[in-house]
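Open the model in your viewer and keep the sequence panel beside it. The stops below go from the whole chain to single residues.

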Amino acid sequence: MSTSRSVEQWDEEFECLIDLTLGLMALNEGQRYVNRIQRMPMHTSIRTGHQYMLELINDHPDRLFNKIRMYRPCFEMLIQVLRQQTALQNSRFLTLEEQVMIFIYVISQKATNRMAMEDWQHSGSTISIVFTRICKAIASLSPIFIKTPNFDDVPDEIRFNPKYYPYFQDCVGAIDGTHIAAHAPSNVANNYRGRKSNVTTNMLAVCSFDMLFTYVVTGWEGAVHDSRVLTTQLEDPNSGFPHPPPGIHRLIFVVLFDLLIKLIMSLPILVLYNRVGKYYLVDSGYSNKPGYLAPFQRCFGVLKARFPILRFMTNFSLVRQREIAMCCCVLHNFIKLHNRDDPLFQRFGVDGVMPPPDSDDEDNTASSSGTAANPHGYGGNDENLANSMRDHIMIQMYLHYNM
């Protein structure tokens, strides 16, 4: 009988536990329903987004730079340009200054929507609307701030640097590509996976020697080889690619070793027929051809250091991701033009030397869509002419520093 009573007692306790659990679940669901009907205000900080913006602008200059990667004079100049060149104005609840600062904060801090909501005390929908509006406006400034270089001028960074002049007096810039972190729908994600299986987009850019972008193409799938991106832009008459002007043929006498030693030893002097004209330096992943000469110069290091969103892209549409990359290039040029003493340019651009390739980047020289040496079968006279030009420059420099 005692055993039977124990079992019955256990059953009663178990039933009470179940009833208590169900009651708590019902109470929790009821509370969630009440919260949906009567929402508790969330963004109730005594410091509004506008007050936070004023605090950053008027406090120590480095606070603003650490937040949006630019100083106050440059930021104020950007606001002035946006008012003049776009239709942007103050909204009902947000000044243009606050809107622009929110956008630059997101791309400079790789901030999520929730992080921006908390810092600026606005709803998620407001943050999204502001981000999209400012992104489109800044991207529309690309024709103003990303311009083709003047091919008739020798860049000052070449002319006044004895290490480069006269060897690179016909060089008008550098061409390179980089991979931008991306989010892609699952049905097309494999098209955006590079050699390291990361989902990325491929960006092609032409850079000047003063670290300005002069041509940018964004949005190519990460699996596409750099050479294919470049070739497509070169062959498309509507791409707007700034082709270097063609040169003329002339004899170039090149001494392979010390001229005096060669004359003493009665060795022949090598004569090369070369195409003399303007050209770009390009990454080793591209083939040599007239007007495009390897190796390379790059300024993506400072771009990604200023805008970490390019390394850690959040979940935007592919169209918005292309616009974000273009916005970063526009802001990069804007800051370079209006603040020559910018700390990031100072750090990465000492003596005109570009930073090394990013360790996180995809290795473009071994992409699945081509080979490093000759992914599109360039060869024959075109490649030989470019190789001759490269060798001629190398020998000139060798003789200068060893004679």
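Of the contacts (heavy atoms within 4.5 Å) between residues at least 6 apart in sequence, 70% join residues at least 24 apart. This is a predicted model, in which local features need pLDDT of at least 70 and side-chain atom pairs count only at pLDDT 80 or more, while totals for chains, interfaces and linings use all residues. Residues are numbered from 1 along each chain as its sequence is written, and side-chain values use heavy atoms, with hydrogens and water left out.

Colour by secondary structure: the protein has 15 helices and seven strands (DSSP runs numbered from the N terminus, helices being H or I of at least four residues and strands E of at least two). Of its 403 residues, 47% are buried (under 20% relative accessible area, 1.4 Å probe, protein chains only).

Next, select residues 279-282, which form strand β6. Y279 and L281 lie on one side, Y280 and V282 on the other, and all are buried.

Now move to residues 213-221, strand β3, and pick T218. Is T218 buried or exposed? T218 counts as buried because its relative accessibility is 17%. Show its surroundings: apart from neighbours within four places in sequence, T218 is in contact with N202, M203, R322, A325 and M326.

Notes:
Buried < 20%, exposed > 50% of the residue type's maximum accessible area, 1.4 Å probe, protein only.
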